[in-house]
Amino acid sequence: HEGCNLRASEMRVRYECALASFQQRQVRFERCDEIGVGMGLEHLERHAMRCGPLEALAGFRLTNKGCLEDDEFRFSYECALDDGIYYRLSPLKLRGPDAVAAQLAEVQFRAGARDIRLKEAAVFAEEDHWLDADKVGNIVDGDPQTDWADPEVSSLTIHVPRALLAQVDRPIDSIRFVTGHGKVDNDLVQWQLTTSTDLENWKLVHQALSDVDMPQERSTEGSWIRLQHPEGVELVEDKHGAASRLDLGQVPHNLFFTSQEPSKL
């Protein structure tokens with residue numbers, strides 16, 4: 001009620017705007033609820049509405065239509081994917097036999113001679129049940145002294161906003177890793193990178209099927225790796241319905257390269 005002096009029932013409502021482009025808007029939460037005299041904006045917190053990973057709150061609607069009680073209003077919240085390009089990094093092999101988790105300090109992208117500042121990107125993991133799940137953002141924070149480790153060896157999805165890509169005149173064509181802080185066996189040496197604009201249809205960008213030369217030193221940058229298909233190529237469907245360019249006879253049969261997390265290595 002701060003700043004509203006005319007009537008006790010008034011509330012100050014503030015709207016913040018930001019440049020964004022949304023696609024696939026969907027109503028994620030809708031319910032009828034009471035708004036009584038003297039209730040502040042904190043009343044809305046009890047809805048506990050959350051958008052999904054890499055989604056943003058794209059719309060809000062308040063109406064008294066469709067509610068049974070006269071003093072109720074219908075709250076509708078829309079979420080949408082923020083426009084941009086998504087890259088999914090799927091581990092295929094860790095360096096040593098004593099590996100207990102996949103680890104990385106940084107993932108870095110480049111387009112031509114220009115580095116992409118991933119501090120403005122978002123990242124989430126396919127699994128969220130390990131203790132350090134909240135540290136997944138460390139791989140794009142630009143600080144090699146922070147890292148992330150995943151004992152489930154699951155995929156990571158990085159969202160690069162369209163506005164960020166507009167600063168370069170070509171697609172991302174190179175990738176580089178910074179080694180994590182843990183033991184050398186945990187380093188990622190084989191992996192697959194796919195890309196999508198809608199999180200449903202994925203194209204292959206790169207498959208590292210032989211060991212990548214990663215530094216033994218901790219928190220150290222590796223070499224830039226030129227991506228095989230910067231624009232992406234169609235993934236091949238195998239008999240299991242999984243997208244792969246590997247002969248499944250060369251890998252464990254419980255390991256398929258899909259939009260879901262790979263099995264633990």
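Guide: The side chain of Gln108 makes a polar contact with the side chain of Arg176, at 2.7 Å. Before going on, note that this is a predicted model, in which local features need pLDDT of at least 70 and side-chain atom pairs count only at pLDDT 80 or more, while totals for chains, interfaces and linings use all residues. Residues are numbered from 1 along each chain as its sequence is written, and side-chain values use heavy atoms, with hydrogens and water left out.

Visitor: Why is the pair Gln108 and Arg176 called a polar contact?

Guide: A polar contact is a pair of N or O atoms within 3.5 Å; within protein, one must be able to donate a hydrogen and the other to accept it, and residues adjacent in sequence count only if both atoms are side-chain atoms. The distance between the side chains of Gln108 and Arg176 is 2.7 Å, so the pair meets the limit of 3.5 Å.

Visitor: What makes Gln108 count as buried?

Guide: Buried means under 20% relative accessible area, exposed over 50%, and partly exposed in between (1.4 Å probe, protein chains only). Gln108 has 18% relative accessibility, so Gln108 counts as buried.

Visitor: Which residues does Gln108 touch?

Guide: Contact means heavy atoms within 4.5 Å. Not counting residues up to four places away in sequence, Gln108 touches Leu118, Ser174, Ile175, Arg176, Val178, Glu221 and Trp224.

Visitor: Where in the chain's strands is Gln108 found?

Guide: Gln108 is in strand E6, residues 106-111. Helices (H or I, at least four residues) and strands (E, at least two) are DSSP runs, numbered from the N terminus. The protein chain has 1 helix and 15 strands.

Visitor: What is the order of the open sheet of 4 strands, and which strands stand at its edges?

Guide: The order is E7-E6-E11-E14, with antiparallel pairing. E7 and strand E14 (225-226) are the edges; each has a single partner strand, so one side of each is left without a neighbour in the sheet.

Visitor: Why is Arg114 called partly exposed?

Guide: Arg114, in strand E7 (residues 114-116), has a relative accessible area of 46%. Leaving aside neighbours within four places in sequence, Arg114 is in contact with Gln167 and Val168. The side chain of Arg114 reaches the backbone oxygen of Gln167 at 2.5 Å. The C-alpha atoms of Arg114 and Gln167, 53 residues apart along the chain, are separated by 9.3 Å.

Visitor: What makes E10 mostly covered?

Guide: In E10, 6 of its 6 residues are buried. Leu156, Ile158 and Val160 point one way, and Thr157, His159 and Pro161 the other way.

Visitor: How many bridges join E4 to E10, and how many join E8 to E10?

Guide: Strand E4 (residues 84-94) is joined to E10 by 6 bridges, and E8 is joined to E10 (residues 156-161) by 4. Thr157 is the bridge partner of Arg88 and also of Phe124. These strands belong to an open, antiparallel sheet of 6 strands in the order E8-E10-E4-E12-E13-E15.

Note on methods:
Pairing = 2+ DSSP bridges.
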